[in-house]
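Morning, everyone. Please have the sequence and the model open while I talk. I'll go chain by chain.

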Amino acid sequence: MSGDAAIRIRDLTVAYHEAPVLWDIDLDVPSGTIMGIVGPNGSGKSTLIKSIMGIVEPAGGEILVFGKPFSAQRKRVGYVPQRTSVDWDFPTTVLDVVLMGTYGSLGWFRRPGRDQINAALHAIERVGMSDYVGRQISELSGGQQQRTFLARALVQQAEIYLMDEPFQGVDARTERAIVEILREMRRLGRTLVIVHHDLQTVSHYFDLVTLLNIRVVATGPVADVFHDDNLRKTYGGGQEFSLRR
Amino acid sequence: MNLILSIILIAVVTAVACAIPGTFLVLRRMSMVTEGVSHSILPGLVLAMMIFGTQRAPILVLGPALMGLALVVLVEAIHRTDLLAGDAPLGVIFPALFSIGVIIISRRYAGIPLSENSVLIGDINLAALTQLRVGGTAIGPRTLYVMSAILLANLLFTVALFKELKVTTFDPGLASSVGIRPAIVHYAFMALVSITIVGAFEAVGAILVVGLLIAPAATAYLLCRTLRGMLITSAVCATVSALLGFALAYVLDSATSATMAMIMGLLFLVALVFAPRTGLVAKLRTRQRRRIDFATTLLVLHLIHHAEGERNSPACTAEGVMQHINWAPEFAGEVIQRAVAEGVITEHHNVLMPTLRGRSRCRSVMPWEGCEDPSIDEPAATTEENQ
Amino acid sequence: MSLTDVLAMLVTDHTLRTVSLGSGLVGVVSGSLGCYAYLRKQGMMGAIVAHSSLFGITVAFLLGSLIGGRVAPIQFALPGAVFGGVLSMALVSLIVHSTSIKVDTAMGIALALLFGGGVFLLRIIQSLALPGHRGLRDYLFGQAATMTTTDLATIVGFSAIGLTVVILMWKEFKLHTFDPGFAASIGYPMHRLDQLLLATIVLGVVVGLRTVGVILMVSLLVCPAAAARQWTRRLGAMMVLAALFGMLSGVVGAVVSAVVRNLPTGPVISLVATAWVLVSLVAAPRRGLVAGALRRAANRRRFGVMPPDSAVQDRAAAEGEP
């Protein structure tokens, strides 16, 4: 029964130059939940997200999105890349970046029209960036850049969202605002998979968590799996990780 | 001195003189800076000729040297304004400087040896003909003496400052902490590079000198693992290319400098394909071998996962494995056969099971999780390796 | 000759009209396509592509001479240049992806092999005195004055292809250049788009080789884009401005070199193009150096002292004013 799982991964193995990055992974993301993915650097978090979207070719295994391969479900999946992965000095404006979220549904060669612009303006309003619609993106703060990316994802009107470190380098106010938006998205039945690095906030932000280090160390409700023992397994025994400060 | 011998000697000495600093240029990721510096030689030379009103005097060397410096300063200044992206400052400035040189030549010096062609590819024949005279007697080609002196300077510099060059190339931070000033080494080195380019300009022209600096060093980079080995290999590559280049150019009546540069490029291609460890052929072989190794380990891991995980038997048949890991039947068959032969799994009535040896193999690649045999406890000692 | 004479000649003189039309079009195409080279930070790659196209030009010329027939071998030069340019990009990408050699060194190798090979073949063609070999010289430093109607037709053809691709693929190229990861997530074929974009850049280089020459063509690719970037914050406006800067560089350079004796076209065009950059760096509103200095002076008056590391913030703040 795959109706319940928004994303279902079985035996996924990904290798770069025949060296494993992800090794024989099983993972289910139930529909309508927020799942955090945590793990040390190089544990394959971004690779996991990229392989769900077929950007990285797996060496083996199967990934189903609502029961079908990703290529058949592309429009039901939205993506927020790492903020630092793009050149923010590119000559373009906030509105223009958010409009990029409509490109997937527009298809080749067609340009965005009135409907798309309205949708983009609405998304910009939802993330609280209405005062910055025409602003050149190089003038935005880190938090504003992240909000712009989030607005672009909202415009995609997807059912599943994959987000790579959406809280990286943002101010506390933006972080709270983003969390609010994420919770609202969940209320609307969206499924969110979020790569995250701040262990302190995991239990506040997510319903489910996956501890990843090339293999899945543990996955499940935060209360069940997010404890010191699993963290030690994920981050290595040499380092002491504790949730209690 | 015999003309042909002169040309050969000039070719070899110039190639080797370039190859030695080239090694550090490649390692310091400064290859394209030489494209800029070499293009600024021409305007420097021409402006000096205008100012001093002479076409051949040692003082003219001031022009190119200052112009090379001007280029570096200008590019850095534009870079610092943060207004131009990427390598655009260089791409904007060096053609402009070069243009100034070409325009002055075409307008004022039409007909003198500094013609368009010699600007591009130099004129090694003319260089071989121009004799150095001491007290009225010719003692051999001037360029040969100049380039030999530069070669000697490069060798001395490299030997004397080998440690300093090495440290500042690989770890500038460490260099500062042990009392070596990276900036001083850098500017001294760049000055020597500029002098080398000025010297080589006459024989090989403004653009090909970049090839002479970079290509042999890049070939050596593929073949060697030590800095010393790289220096020697790039000098050998340069010598071989100079000799082959001269021979080919002589037979086909082409330009020695261009043929030399082309052979250097071809030598690199040969190394790229056939180099023992790093070549494409060697890599393809390793990759094929690794692919099977990798697949075998993956198979064992998969079996362990299933034998101890929540889902049991279906995946443990050959068909199940094919379906789950998405392998083509032939490949899956090959991997299973290999795994059985290595004794990491057993096949019993079409059911695949991991063996003890298989488990320990997995533990060696995945020390921290999932592979421990029920009878062998606690991988704690190995977990520290991760992180 | 006075300026009015030149302007009068532009109308009456057939050659000068052809020359300025052709060079202007070259500037438009190289300038606008060059924006992608600039934004992808591949300016120096443009220089290497231009140098390397000499190999393709000479190979095509040799093949054309061998085949014979009614088409003059020089007509094969531009298709050959495309081949040479694509070859250099493929070589650099092969080296970077299959070894640990960095991209700048890979460009140096391509230069040695393909420019070296080009000059090697050029010399052989010259020694053999193949018919029409004198035309090849024009490809070194460019020669607009000898531009024929056939050359103009070729330029028009190349321009039509290049501009059509850029307009058709407008949003695809933009998104792929800005955020390749997101582009791939919505199903854009990353490698195909990359190849198409690189081919377009090669086209932007090749179209001007006859006019500017393989040595200095990089100027007409990078300078208009670099200058245009200073005046605007939109990609569309940047391209239009770059096309304009390119066109002016092309026309001014070509006309000056056609009118003044003993002046190869390439260097003049290159200098004019560079002048646009320098003017823009100094005078552009908001980003320009003068604007920056005025702003700092005003700030000093208002606040007494400057906050540290203000240059970037300063510019950002200024650009932000709607």
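**Chain A: two sheets**

Strand E1 (residues 5-16) of chain A pairs with E2(A) in the antiparallel sense, over 8 bridges. Ala5(A) stands opposite Pro30(A) in E2(A). A word on the source: this is a predicted model, where local features need pLDDT of at least 70, side-chain atom pairs count only at pLDDT 80 or more, and totals for chains, interfaces and linings use all residues. Residues are numbered from 1 along each chain as its sequence is written, while chains are lettered from A and ligands numbered from 1 in the order in which they are written.

Now some terms. Helices (H or I, at least four residues) and strands (E, at least two) are DSSP runs, numbered from the N terminus. Two strands pair if DSSP finds at least two bridges between them.

Back to the sheet. Its 3 strands are ordered E2-E1-E4 in chain A, open, with antiparallel pairing. E2 and strand E4 (60-65) of chain A stand at the edges, each with a single partner strand, so one side of each is left without a neighbour in the sheet. From one strand to the next, the twist averages 15°. Angles here run from 0 to 180 degrees between N-to-C directions, and axes are lines fitted to C-alpha atoms, for helices over the stretch in contact.

Helix H1 (residues 45-52) of chain A lies across E1, E2 and E4 of chain A, at about 115° to E1(A). Contact between two residues means C-beta atoms, placed from the backbone, within 7 Å.

Next, Asp24(A). Where does Asp24(A) lie? In strand E2 (residues 19-30) of chain A. Asp24(A) is not a glycine, yet has a positive phi of about 55°. Most residues other than glycine have a negative phi. Asp24(A) counts as buried, with 28 C-beta neighbours inside 10 Å. The cut-offs: buried takes 20 or more other C-beta atoms within 10 Å of a residue's own, exposed 12 or fewer, partly exposed in between, with C-beta atoms placed from the backbone.

Glu165(A) also has a positive phi, near 50°. Glu165(A) sits in the loop between strand E6 (160-164) and helix H7 (172-187) of chain A. Is Glu165(A) buried or exposed? Buried, because 21 other C-beta atoms are within 10 Å.

E6 brings us to the other sheet. This open sheet of 6 strands runs E5-E6-E7-E3-E8-E9 in chain A, with mixed pairing. Strand E5 (77-80) and strand E9 (215-221) of chain A are at the edges, each with a single partner strand, so one side of each has no neighbour in the sheet. The twist averages 15° from one strand to the next. Strand E8 (residues 208-213) of chain A pairs with E9(A) over 6 bridges, antiparallel. Leu208(A) has Pro221(A) in E9(A) as its bridge partner. Helix H6 (residues 142-155) of chain A packs on the sheet, touching E5 and E6 of chain A, and its direction makes about 170° with that of E5(A).

**Chain B: a hairpin**

Strand E3 (residues 345-348) of chain B and E4(B) run antiparallel, joined by 4 bridges. Thr346(B) stands opposite Met353(B) in E4(B). The hairpin has 2 residues between the strands, and His349(B) takes a positive phi near 50°. In strand E4 (residues 351-354) of chain B, Leu352(B) and Pro354(B) point to one face and are buried.

How does the span of helix H7 (residues 149-168) of chain C check out? At 1.5 Å a residue, its 20 residues should span 28 Å, and its end C-alpha atoms are 28 Å apart, which agrees. The expected span is 1.5 Å times one less than the number of residues.Buried residues in H7(C) include Asp151(C), Phe158(C) and Val166(C). Seen down the axis of H7(C), its buried residues fall within an arc of 105°, so they line one face of the helix. That arc is taken from the directions from the helix axis to the C-beta atoms. The face turned away from the buried side carries exposed residues, among them Thr149(C), Ala153(C) and Leu168(C).

Last, the interface. 49 residues of chain C are in contact with 52 residues of chain B. H5(C) gives the most to the side of chain C that touches chain B, with 16 residues.
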